[in-house]
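How many aromatic pairs does the count come to?

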Amino acid sequence: MPAYRIIIDVSERQLHLLDGDRVVRTFPVGIGRMVTPTPTGDYTIVNKAPNPGGPFGVLWMGLSKPHYGIHGTNNPASIGHYVSHGCIRMYNEDVLELSRFVPIGTRVTIRP
């Protein structure tokens, strides 16, 4: 049984999906601006909401830090940049692919 977890490198603006200690996939992400930075630390995915609407694209995966999540976007040009209010922003097709691997309770580590 896979042991999936997520590591997000803020400085590289990349999200890594790991199975144990092996990187399975890497995705580009948009992260928080200087004034609203992405919080570093260890969290878990606590919920999933398809089609949340607005700037959150096709899927929202909420983190154990309230008001923060990994989500799609209605602005694909923002991926790879410091653009959000602290959330992790992904291409819609990438966040859908990621969500197929990671159940609620998956560990998420956000590194500077």
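Predicted model: local features only at pLDDT ≥ 70, side-chain atom pairs only at ≥ 80, totals over all residues.

**Aromatic pairs.** I found that the count comes to two aromatic pairs. For Y4 and F101 I noted an edge-to-face pair, with 5.3 Å from centre to centre and 70 degrees between the planes. Because Y4 belongs to strand 1 and F101 to helix 1, this pair ties together parts that lie 97 residues apart in sequence. I then looked up the accessibility of both residues: Y4 is partly exposed at a relative accessible area of 22%, and F101 also counts as partly exposed, at 28%.

The other entry is F56 with W60, whose ring centres are 5.3 Å apart and whose planes stand at 75 degrees, so I recorded this pair as edge-to-face. Here F56 is partly exposed, with a relative accessible area of 30%, whereas W60 counts as buried at 16%, because the cut-off for buried is under 20%.

I next traced the open sheet, which has eight strands in the order 3-2-1-10-5-6-7-9 and mixed pairing. Strand 3 (22-28) and strand 9 (88-89) stand at the edges with a single partner strand each, so one side of each has no neighbour in the sheet. Looking at one pairing in detail, I saw that strand 6 (residues 59-63) and strand 7 (residues 69-71) run antiparallel and are joined over three bridges, and that M61 has I70 in strand 7 as its bridge partner.

Technical notes. Residues numbered from 1 in each chain as written. Heavy atoms only, no water. Pairing = 2+ DSSP bridges. Helix = DSSP H or I, 4+ residues; strand = E, 2+ residues; numbered from the N terminus. Phe/Tyr/Trp six-rings, centres within 6.5 Å; stacked < 30°, edge-to-face > 60°. Buried < 20%, exposed > 50% of the residue type's maximum accessible area, 1.4 Å probe, protein only.
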